[in-house]
Amino acid sequence: MSPARATAPAPGTRPPNRRELVRAAAADLFARDGFANVAMAEVAAAVNVGPSALYRHWSGKDDLLFDILSTALDSLVADLPAAGAADLPDIARQLATRALDHRSIGVLLQRESRHLGLDATAQIRAKRRRLTGWLTAELSAARPELSTAQVELLGLCAIDAVSSVSFHRLELPRPAYLDLLAELGTRVLALPPGAGDPRDARPRRASDVARADEILDCAVRLFAERGYAEVSTDDIGGAAGIAGPTIYHYFPSKQAVLVAAMRRCTAQLQEAMRLAQEHGTDSTDALRRLTDAYVDLALDHPDLITVLITETVHLHDELGSRTVREVQRAYIADWVALAAAHRPSEDPTVTRIKVQAAQMLANDVSRTPRLRRIPGFRSTVRNAAWALQQ
């Protein structure tokens, strides 16, 4: 898991770093295509070996994923400075360095780690707590005025901001990239606590929903929890209180359910964009309105956002799924255009990186329910997403 992409050895050779090459190739494939869509044979082909060579080291694909994450997390926490020894820019630079050195890990942790078994998941969480524990200690020492809960929230927001590079392939020269990510992390770590908001409690969906919407609600929840590939129509039917085949009265296939979920989310994104552009007094006001609306959507509909960011890899070019992707790309392009108008002299790649960081922060924080108990939760997340785009 080095910063550079590993090079496959020539067929018939046995390089001394074969395990590292396999980890790097598998991480790239899992991040690009999704864990469920990659076979061990594809990983083997990427490093020019037969599948049997992989099974000498890993019992299966989930064991390989665990090894990738475990090895990377061990490296992430290695050589961290002593707690309380750094100021906010130093803390942010530590996070930024690790995000760039292990660029594919963020997407694997957020999107694919749910495929691990209970014991493996517990081990990965324990390793992650070593990094978050260091960050909590550092931030508490640097900002003693914050409560433990506020430190946890700002720390997670900072991690999300710098690790957003895992979800895109935008490039800058490494020194400039490191400086940018460190600056973004510092902005978040330095934020004042937000004000309370009555919407911080997760809203409940109205009970009088149509049967198709009820089925879709159940499917979205299951897709978010388990992943599209692990959910059957019988699972969806059971959650909705109907027989699995009854779903076909409302949707022609499981893929159609996924497309409907994506369309539900993209429709809300399009409406938020329309309102921001229509009511914004200028590009800055429109950008702030759009940012707040996206944070609210993520916080109010975390399962829907989870499906949008984790299950797109399972869309096929049928049933209008191509249109879903086109809407997503257009939405990002319109957001970036507003951000560029807000900061017209900025490098376009930097602007896109900032927008991606703001979105990924909202996406990940929305999937951590315990944070909602923190006073000022919503406004803190809104302010963090806005600060990243300055």
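Guide: Rings of Phe, Tyr and Trp (for Trp, the six-membered ring) form a pair if their centres lie within 6.5 Å; planes under 30 degrees apart are stacked, over 60 edge-to-face, and the rest tilted. This is a predicted model, in which local features need pLDDT of at least 70 and side-chain atom pairs count only at pLDDT 80 or more, while totals for chains, interfaces and linings use all residues. Residues are numbered from 1 along each chain as its sequence is written, and side-chain values use heavy atoms, with hydrogens and water left out.

By the ring rule there are five aromatic pairs. One aromatic cluster is made up of Y294, Y331 and W335.

Charges also meet rings here. K61 is placed over the face of F35, 4.4 Å from the ring centre, and the charged end of K254 is over the ring of Y228, at 4.1 Å from its centre. The rule asks for NZ of Lys or CZ of Arg within 6 Å of the ring centre and within 35 degrees of the ring normal.

Helices (H or I, at least four residues) and strands (E, at least two) are DSSP runs numbered from the N terminus. Q328 counts as buried because its relative accessibility is 18%; buried means under 20%, exposed over 50%, and partly exposed in between, with a 1.4 Å probe and protein chains only. Apart from neighbours within four places in sequence, Q328 touches M262, T266, L308 and T312, where contact means heavy atoms within 4.5 Å.

Elsewhere, helix α5 meets helix α8: L95, A96 and A99 of α5 are in contact with A158, I159, V162 and S163 of α8.
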